[in-house]
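Here is a guided walk through one protein structure. Keep the sequence and the 3D view side by side as you read.

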Amino acid sequence: MNKEAYESLISWAHEKPVREKILCGLTKVLPVILGGMYIIAILLCAVVYPVLLVRLILRPFFCFLTVTVMRRILSRERPYDVYGFVPLSGYHPGKKNSFPSRHTASAAIIALELFYLWPVVGSLALFLAACMGTLRIVCGNHFIKDVIGGFVIAFIFYIL
């Protein structure tokens, strides 16, 4: 996306305060929901499928670690730094570390692990992870490539 596309999305959100509140609220709520699902899954897995507990903990951990290291090494600028606008949420000028999206990678690997254990719950989690990734773009925090990169890395960790 280019500067005009981001500015168009931001102004679209600003047109109606309710719309802006919903988008900003979702950017805060979705990670909490997925985190809660993950904690519940760990607790249930400890009781029902203790053998799979290591998988449920280690894959997301190493995915998170890998994405964190990649972000530091690559040090890519965020859309709001490149194009000079204020995003809807999470504004940290000069922060960099845009690629890959850690929110997206973390949500995706958790959703994929939940899908492995409980396909119905995992399907809901994958939908929420996709929503989270989309919001990272719409709110101006990430480029599309950052979010896609997060999903790809999560999928690689899932199949390994």
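This is a predicted model: local features need pLDDT of at least 70, side-chain atom pairs count only at pLDDT 80 or more; totals for chains, interfaces and linings use all residues.

C139 is buried, because its relative accessibility is 0% and the cut-off for buried is under 20%. Find C139 in the loop between helix 6 and helix 7. What does C139 touch, apart from its neighbours within four places in sequence? C139 is in contact with I10, L23, T27, P87, L88 and S89. Now look across to G84. In sequence, C139 and G84 are 55 residues apart. In space, their C-alpha atoms are 14 Å apart.

Step back to the whole chain. The protein has seven helices and zero strands. Along the sequence the pattern reads α-α-α-α-α-α-α. The radius of gyration is 16 Å, close to the 15 Å from the globule rule for 160 residues, so the protein is as compact as a globular protein of that length. Along the principal axes, the C-alpha atoms fill a box of roughly 50 × 35 × 20 Å. Of the 160 residues, 42% count as buried. Take the contacts with a separation of 6 or more: residues 24 or more positions apart account for 71% of them.

Next, go inside. In soluble globular proteins, nonpolar side chains tend to be buried together. Here the largest nonpolar core has 40 residues. Within this core, L34, C63, L88 and I109 have the most contacts. Which helices each supply at least two residues of the core? They are helix 1 (3–15), helix 2 (17–48), helix 3 (53–74), helix 5 (102–117), helix 6 (119–138) and helix 7 (144–159). Helix 5 gives the most, with nine residues. Pick out I109 in the view. Beyond its neighbours within four places in sequence, I109 is in contact with R59, P60, C63, A154, F157 and Y158. C63 is itself among the core residues with the most contacts. L88, also in that group, is one of the residues in contact with C139.

Rolling a probe the size of a water molecule over the atoms shows where empty space is left. The largest pocket has a volume of about 150 Å³. Its lining is made of T27, P31, R78, Y80, S89, G90, H92, K95, H103, R136 and N141. How many lining residues fall into each class? Two are nonpolar, six are polar and three are charged. Two of the lining residues, T27 and S89, are also in contact with C139.

Last, look at some details of the backbone. Most residues other than glycine have a negative phi, and most peptide bonds are trans. Where is there a cis peptide bond? It joins F99 and P100, with omega at about -10°. P100 sits in the loop between helix 4 (79–83) and helix 5. That loop also holds K96. K96 is not a glycine, yet its phi is positive, near 60°. With 33% relative accessibility, K96 counts as partly exposed. S75 also has a positive phi, about 45°, although it is not a glycine. Look for S75 in the loop between helix 3 and helix 4. S75 is partly exposed, with a relative accessible area of 30%.

Definitions and conventions: Residues are numbered from 1 along each chain as its sequence is written. Side-chain values use heavy atoms; hydrogens and water are left out. A nonpolar core is a set of buried Ala, Val, Leu, Ile, Met, Phe, Trp, Tyr and Cys residues joined through side-chain atoms within 4.5 Å. Buried means under 20% relative accessible area, exposed over 50%, partly exposed in between (1.4 Å probe, protein chains only). Helices (H or I, at least four residues) and strands (E, at least two) are DSSP runs, numbered from the N terminus. Contact means heavy atoms within 4.5 Å. On a 1 Å grid over the protein atoms alone, a cavity is a set of points where a 1.4 Å probe fits but cannot get out, and a pocket is an open set with protein on both sides within 12 Å along at least five of seven lines; lining residues have an atom within 4 Å of a point. Grid points are joined across faces, edges and corners, and a volume is the space filled by probe spheres set on the points. Ala, Val, Leu, Ile, Met, Phe, Trp, Tyr, Cys and Pro count as nonpolar, Asp, Glu, Lys and Arg as charged, and the others, Gly among them, as polar. The radius of gyration is taken over C-alpha atoms; the globule rule is 2.2 Å times the number of residues to the power 0.38.
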